[in-house]
Amino acid sequence: MGTLTVLPFRAGSAVPAGARSFALLCLLLLISCGPRQPAESMTAGHAIIGASDAVFDVAWKLSAEYQSINKGAFVDIVRGLNRELVDSLVNKDTDQIFLDRPLTSAESLAMGRQNLKIYTYPVAYYPVFLLVDTGNSVRSLDSAQLRSILTGEFLNWKSVGGPDLRITTYAPPAGEGAWQAVTAFYRNLDSVVAVECPTAQGMLDSSRGDPGALLIYARPLESAPVRRLLFRRDGAEIPANVKQILESPVYPFHIELIYVTSRSKQDVAAGYLTYAVSNLGQRRVMNLGYRPASVPVRVVKMRSN
């Protein structure tokens, strides 16, 4: 293609109509020769989704699975605290986030003030574990004992029939779902004695070597020198697992994984969400050890008699 030369005109002089048409045609030809961006769809394009620490594992694994199915899709999962993620949505710095708790009334009000129409989709549920050192002889705690530990009334494991060890509670920040699950159960915890840990890995690192540690933990636990406590209620010792949450007898502490977006556009982020809440995605959620939001999800093999 030839070089387009733009000739200067003196102020006040008229531009001939033919010259204007020729220049516009050349400009359009130049634009058409440039690189074209591929049309974005639910199966092709790039999306960045903020996810809380407790959601990150499952969000990333769903992303990897979705991208393996749709080769033109690129979904980046970025870790952040729930409050930071909500602020980014309110400030319109992002269009979609993945939280480990529902929006609070104040957060919903703030979004309404920004004229944001919000869409929320539950994806999964997961227990909040009460973890102790493997050498701790305590098997279970009831609600009164746990409350006394959290408020600092009980400072030694001897108070609940355990070893002579000082109790140190390690907890996520107040805006995280695990902590909200505990405080919502008690409703009136004015103050709590705990070491704040922004991430689950940070919690494991901080408590390492502390035989009196009590961890409030809400992510898959692989290899660590800790074990789960049972929750004692009405004489029953209830395990913290996906079968017990939302069922009876109820294990009271769990997080709800919620996808929140301010967009209704049919882009790759919407494709990722569609996959996450589809039967295929919910089966994947179940296989990862979470309780699917759409239950029951079963694979039934038919056989003839």
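Predicted model: local features only at pLDDT ≥ 70, side-chain atom pairs only at ≥ 80, totals over all residues.

Residues are numbered from 1 along each chain as its sequence is written, and side-chain values use heavy atoms, with hydrogens and water left out.

First, the overview. The chain has 9 helices and 14 strands. Those are DSSP runs, numbered from the N terminus: helices are H or I with at least four residues, strands are E with at least two. How much of the chain is buried? Of its 305 residues, 40% are buried. Buried means under 20% relative accessible area, exposed means over 50%, and partly exposed is in between, using a 1.4 Å probe and protein chains only. Now contacts, meaning heavy atoms within 4.5 Å. Take those in the chain with a separation of 6 or more: 74% of them link residues 24 or more positions apart.

Look at helix 7, residues 200–207. Its buried residues are Ala200, Met203, Leu204 and Ser207. Seen down the helix axis, they fall within an arc of 95°, so they line one face of helix 7. That arc is taken from the directions from the helix axis to the C-beta atoms. What do these residues pack against? Their partners are helix 2 (53–69), strand 7 (168–171) and strand 9 (213–217). Just after helix 7 comes glycine 209, with a positive phi of about 85°.

Proline 198 sits in the loop between strand 8 (195–196) and helix 7. Its relative accessibility is 48%, so proline 198 counts as partly exposed. Leaving out residues up to four places away in sequence, proline 198 touches Asp53, Leu81 and Pro173. Its C-alpha atom is 9.7 Å from that of alanine 174, which is 24 residues away along the chain.

Now helix 6, residues 177–186. Gly177, Ala178, Trp179, Ala181, Val182 and Tyr186 are its buried residues. They pack against helix 3, helix 5 (143–150), strand 7, strand 9 and strand 13. Just after helix 6, arginine 187 takes a positive phi of about 70°.

On to helix pairs. Axes here are lines fitted to C-alpha atoms, for helices over the stretch in contact, and angles run from 0 to 180 degrees between N-to-C directions. Helix 3 packs with helix 4 (residues 105–113) at about 20°, with axes 10 Å apart. The two are therefore roughly parallel. The cut-offs are under 35 degrees for roughly parallel, over 145 for roughly antiparallel, 65 to 115 for roughly perpendicular, and oblique for the rest. Which residues meet? Val86, Leu89 and Val90 of helix 3 meet Glu107, Ala110 and Met111 of helix 4. That contact holds 5 nonpolar, no polar and 1 charged residues. Ala, Val, Leu, Ile, Met, Phe, Trp, Tyr, Cys and Pro count as nonpolar; Asp, Glu, Lys and Arg as charged; the others, Gly among them, as polar.

Compare helix 2 and helix 8 (residues 268–277). Their angle is about 105°, and their axes are 10 Å apart. Helix 2 and helix 8 are therefore roughly perpendicular. Among the residues that meet are Leu62 and Tyr66 in helix 2, and Tyr272 and Tyr275 in helix 8. By class, the contact has 8 nonpolar, 2 polar and 1 charged residues.

Helix 8 also meets helix 9, residues 279–287. Their axes come within 4 Å and cross at roughly 65°. Tyr275, Ala276 and Val277 in helix 8 meet residues of helix 9 including Leu280 and Arg284.

Last, the backbone. Most residues other than glycine have a negative phi, and most peptide bonds are trans. Here are some exceptions. Lysine 92 has a positive phi of about 65°, and lies in the loop between helix 3 (82–90) and strand 3 (96–99). Aspartate 234 also has a positive phi, about 55°. Aspartate 234 is in the loop between strand 11 (230–233) and strand 12. Is aspartate 234 buried or exposed? It is exposed, at 81% relative accessible area. Finally, serine 248 and proline 249 are joined by a cis peptide bond, with omega about 0°. Proline 249 lies in the loop between strand 12 (236–238) and strand 13 (254–261).
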